[in-house]
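Thanks, everyone. Let me put the model up, and then I'll walk through a few spots.

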Amino acid sequence: MSYAPEVLSAKAIIANIWRMNVIEKLRHDTARYWDRPFLKAAMAVCALASSADGDVSLSDRYRVDAILGAIERLQVHDPHEAVNIMNDYLDELRDDPQEWEAVLRGKISRYAEDFKAARTLLRIAYLVISADGPVSSAEKAEFDRICDSLSVDKGRIWGEFSTAAMVTA
């Protein structure tokens with residue numbers, strides 16, 4: 001008995017490739033839909049952290065772009081959409097700071113029970129507030145408020161991040 005592999009026609013091969021592409025797109029779309037609240041929380045962190053010192057610098061914006069490209073969980077989203085979300089949050093913060101700070105902190109606090117997500121959001125906050133040089137007292141205070149939103153010990157986590165930053169510098 002000889003074994004002869006099945007030969008697929010070009011049409012069958014193309015159909016299989018198309019099905020695989022559809023499945024991959026479905027996975028991508030599902031991940032994007034599922035993680036949209038996390039994207040909004042991340043952009044809330046970016047908006048609060050970048051505006052903490054009263055000025056959203058170009059360094060802050062470049063850092064946000066770098067974060068969007070570096071964090072796998074955010075890579076499924078269109079970076080332009082993410083930046084637009086952050087810009088909308090910044091506009092709302094300028095127009096009604098008290099109401100929108102509460103709204104943004106609410107988006108962040110949804111991840112207080114998710115250790116990995118909370119840690120990622122705090123890393124984002126640290127990267128944004130340190131983007132334009134030494135961290136100001138206003139930026140440090142905002143980092144502390146983000147820690148409070150996530151129910152994280154701000155002294156411990158700040159020590160870990162600042163020590164790691166000194167080691168890599």
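Start at Ser151, which is exposed at a relative accessible area of 63%. Exposed means over 50% relative accessible area, buried under 20%, and partly exposed in between, with a 1.4 Å probe and protein chains only. Ser151 sits in the loop between α7 (137–149) and α8 (154–168). Helices here are DSSP runs of H or I, at least four residues, numbered from the N terminus. The phi of Ser151 is near 55°, a positive value in a residue other than glycine. Most residues other than glycine have a negative phi.

Quick word on the source. This is a predicted model: local features need pLDDT of at least 70, side-chain atom pairs count only at pLDDT 80 or more, and totals for chains, interfaces and linings use all residues. Residues are numbered from 1 along each chain as its sequence is written, and side-chain values use heavy atoms, leaving out hydrogens and water.

Next, salt bridges. How many does the structure hold? Nine. The criterion is a side-chain nitrogen of Lys or Arg within 4 Å of a carboxyl oxygen of Asp or Glu.

Take Glu142 and Arg105, whose side chains meet at 2.9 Å, N to O. This pair links distant parts of the chain: Glu142 is in helix α7, Arg105 in helix α5, 37 residues apart. Are these two buried or exposed? Glu142 is buried at 3% relative accessibility, and Arg105 is buried at 13%. Leaving aside neighbours within four places in sequence, Arg105 also has contacts including Leu48, Ile146 and Ser149. Contact means heavy atoms within 4.5 Å.

Now compare Asp91 and Arg94. Their closest N and O atoms are 2.6 Å apart. Both lie in helix α4 (residues 79–95), three residues apart, about one turn of the helix. Asp91 is partly exposed at 37%. Arg94 is exposed at 56%.

Lys154 is partly exposed at 29%, and so is Asp148, at 44%. Elsewhere, salt bridges that share partners join Glu101, Arg105, Glu142 and Arg145 into one network.

Last stop, helix packing. The axes of α3 (residues 58–70) and α6 (residues 115–129) come within 9 Å and cross at roughly 145°. Axes are lines fitted to C-alpha atoms over the stretch in contact, with angles from 0 to 180 degrees between N-to-C directions. The contact is made by Asp60, Arg63, Val64 and Ile67 of α3 and Ile124, Leu127 and Val128 of α6. In α6, the buried residues include Ile124 and Val128.

Conventions:
Helices (H or I, at least four residues) and strands (E, at least two) are DSSP runs, numbered from the N terminus.
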